[in-house]
Amino acid sequence: MTLFKRHRVAISLFVFAAVFITLAVSSYVRESATWDEPQHLVAGDSALKFHDYRTDPEHPPFIRMWAALPLLGMDNIKFDIQKIDTTTSAAWVLGGQFFFCHDILYVANDADRLLYAARFMIVLLGVMLGVLVFCWAHELFGFWPAIITLGLYTIEPNLLAHSRLVTTDLGVTCFVFGTMYFLWRTARRLSMGNLCGLVAFFTLAQISKFSAVLLGPMVVVLLVVRACQRRPWRTSIGRADELSARSAKLGAAL
């Protein structure tokens, strides 16, 4: 890629990030919390500060902890973790945890201050997903089709709506998409960079939402399909430039 093309891509992605962040932030500062945002945020803060995972444990903790990162740098956040110990298990499961999260966010603290900081972290994941969408479209179709794709992504209502909420939906979407993107790249060329991207996004998806376990059989099946294809598998790992024998390709898939 020439220097001009690199600058063109960099400027396009910068403009996208600026517009997307502006749209998301200007929207979320006018919206109150959804019913589940207090649970996600308090659970993430509890996991980060106290290594306590008892609050709403229906999801893995990563995205919640990611959203709660800015809270580590904030002063005067009141969080009485001992209230969990004084609640019976039955009362906690049947609704006590929801009242606990509501009280932490709305009674003990400034809800907007905590919520806006956490929402911005999810917006950053929305930007990452947009960059991945652009990269895949750029490799498939070229620069201008990728720009059109990115423009549609920027104003897509569902993506904008979920990228400004402290939930697990946008994050796991980003990581699942990243997994499939790097799997596609790996199927084209087996390299350390593509493998690292595949492993990183696959792992992030698993620790973000339990439904991401479906990625496991999907990745296995698609790798086996690639190994069984007749065309050689290009590689930059090892001495060979490509793998032609089916056994070698199956070994690489493994």
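1. How do the residues of the lining of the largest pocket divide into nonpolar, polar and charged? Eight are nonpolar, one is polar and three are charged. Keep in mind that this is a predicted model.

2. The space in the largest pocket comes to about 190 Å³. Its lining is made of Trp136, Met180, Leu183, Trp184, Ala187, Arg188, Leu222, Leu223, Val225, Arg226, Gln229 and Arg231.

3. Helices matter to this lining as follows. At least two residues each come from α9 (169-188) and α11 (215-228). The largest share belongs to α9, which supplies five residues.

4. Helix α11 also packs against another helix. Its partner is α10, residues 192-206. The two pack at an angle of about 155 degrees, and their axes lie 11 Å apart. Angles over 145 degrees count as roughly antiparallel, so α10 is roughly antiparallel to α11.

5. Which residues make that contact? On the α10 side they are Phe202, Ala205 and Gln206. On the α11 side they are Leu215, Gly216 and Val219. Sorted by class, the contact of α10 with α11 has four nonpolar residues, two polar ones and no charged ones.

6. Next, the sheet. It is open and has three strands, ordered β1-β2-β3, with mixed pairing. The edge positions go to β1 (189-190) and β3 (242-243). Each of these has a single partner strand, so one side of each is left without a neighbour in the sheet.

7. How do β2 and β3 pair? Strand β2, residues 233-235, runs antiparallel to β3, and the pairing involves two bridges. Within it, tryptophan 233 stands opposite leucine 243 of β3.

8. How many cavities of 30 Å³ or more does the structure hold? It holds one. The largest cavity contains about 40 Å³ of space.

9. What lines the largest cavity? The residues are Leu41, Val42, Asp45, Leu71, Ile77, Phe79, Ile104, Leu105 and Leu114. Helices α2 (37-50) and α5 (89-107) each give at least two residues to this lining. The most come from α2, with three residues.

10. By class, the lining of the largest cavity has eight nonpolar residues, no polar ones and one charged.

How values were computed: Residues numbered from 1 in each chain as written. Predicted model: local features only at pLDDT ≥ 70, side-chain atom pairs only at ≥ 80, totals over all residues. Heavy atoms only, no water. 1 Å grid on protein atoms, 1.4 Å probe; cavity = no way out; pocket = protein on both sides within 12 Å on 5 of 7 lines; lining within 4 Å. Points joined across faces, edges and corners; volume = space filled by probe spheres on them. Helix = DSSP H or I, 4+ residues; strand = E, 2+ residues; numbered from the N terminus. Nonpolar A, V, L, I, M, F, W, Y, C, P; charged D, E, K, R; others polar. Pairing = 2+ DSSP bridges. Axes fitted to C-alpha atoms, helices over the stretch in contact; angles between N-to-C directions. Parallel < 35°, antiparallel > 145°, perpendicular 65-115°, else oblique. Contact = heavy atoms within 4.5 Å.
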